[in-house]
Amino acid sequence: MEAVSLSHTGYHELGLYSASSSLLPMNAFRGLQYSSSLHEQANLRKAAQHYCYSSVIRKCVGVSSCYLTPNENPYNLFSGKRNPRSIIVRSELAKMGTHEVGYPLSEVPLSSKIRGTCFYATTAITAIFLFMLMLVVHPIVLLTDRYRRRIHYTIAKMWASLTVAPFFRIKYEGLENLPAPNSPAVYVSNHQSFLDIYTLLTLGRSFKFISKTAIFLFPIIGWAMFMMGVVPLKRMDSRSQLDCLKRCMELIRKGASVFFFPEGTRTKDGKLGAFKKGAFSVAAKTKVPVVPITLVGTGSIMPAGSEGILNMGSVKVLIHKPVIGSDPEALCNEAWSVIADALILNKLESK
């Protein structure tokens, strides 16, 4: 929840957990928090009733805004001074119920909710048994294959494949472009969904993902990530980011590969975001190829922000030819262009 006062306009922009698409009085919204005292909130409700404020909900580009416009006596609700033209209430989570996920939250098909529940039940049950196997072989892996940990990634491939097989099919194109299993490389991909990790693990390559440190605390999954050698990262921590890049370069020099989602986060609208240059700096300094991968379809099956549902659909994995160079910016631009072109072409083909 965030409340920001804009002194020049007099507007208050606040975050809401929910918003309505119908015409409602201001005091009908639940969960609304102002950066003011309880006394001022009470005055707001009383003044809204007294001055007959009307509420008009608008949706524009996935954002719901509530404009309160006075019908009469336009005075400031708090101080008695003349009120600005409107007060804007913006829901940061409103995009979850717009065209970005294909339908409003209230219209999520029951079948998608059931499939989502079954998906997580399947992944949990499978993870428990395979985690025990990973735990048993872990000492051997540390002694014989400390950096690549190929046995662990074979187990992870089994987990991902068994989880997704009942729910959607994955089609691969360009497998011949993958470097040899023993050749280190930097892999990069667009990031659409929570399902991206499952999809990439089915490739069977032992590349080290970059993950938030908090996820390592999750039972079973987090512990398995630790044993697989996933690289931890604290977001918004420059020191942690530097340590992460150093760790990636160390792994590559030891013969392992690393995997980056250079957008930094999952896309909310399906569009490819700008790439950060960290992955490409690692590739340029270690002189290994960058392997761009385009993921298609994961965002429509499990949209970002709607991890509790699983829609029908299929996934396509496009492996592009490796890109080699010593200029991080040139590598970044070329990888972005390759993935962006593939997304556009796939969109045109699907129409």
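Mentor: Keep in mind that this is a predicted model. Before the pairs, one contrast from the surface. I125 counts as exposed because its relative accessibility is 51%, and exposed means over 50%. I125 sits in helix α2, residues 110-144. Together with I128 and F129, I125 makes a nonpolar surface patch of about 330 Å².

Now the charged pairs. Side chains of opposite charge can pair when their charged atoms come close. The whole structure holds 6 salt bridges.

Take D145 and R150. Their closest N and O atoms are 3.1 Å apart. D145 is buried, at a relative accessible area of 13%. R150 is partly exposed, at 39% relative accessibility.

Next, E250 and R247. This salt bridge has its closest N and O atoms 3.4 Å apart. Both residues lie in helix α6, residues 238-253; they are 3 residues apart, so about one helical turn separates them. E250 is partly exposed at 35% relative accessibility. R247 is partly exposed too, at 30%.

K277 and E329 form another salt bridge, with 3.8 Å between the closest N and O atoms. This pair links distant parts of the chain, 52 residues apart. K277 is in the loop between β11 (257-260) and α7 (278-286), while E329 belongs to helix α9, residues 328-350. K277 is partly exposed, with 41% relative accessibility. E329 is partly exposed as well, with a relative accessible area of 43%.

Terms used
Residues numbered from 1 in each chain as written. Predicted model: local features only at pLDDT ≥ 70, side-chain atom pairs only at ≥ 80, totals over all residues. Heavy atoms only, no water. Patch = residues over 30% accessible without salt bridge, like charges linked within 9 Å, V, L, I, M, F, W, Y side chains within 5 Å. Areas by Shrake-Rupley, 256 points an atom, 1.4 Å probe, with all protein chains shown as cover. Salt bridge = Lys/Arg side-chain N within 4 Å of Asp/Glu carboxyl O. Helix = DSSP H or I, 4+ residues; strand = E, 2+ residues; numbered from the N terminus. Buried < 20%, exposed > 50% of the residue type's maximum accessible area, 1.4 Å probe, protein only.
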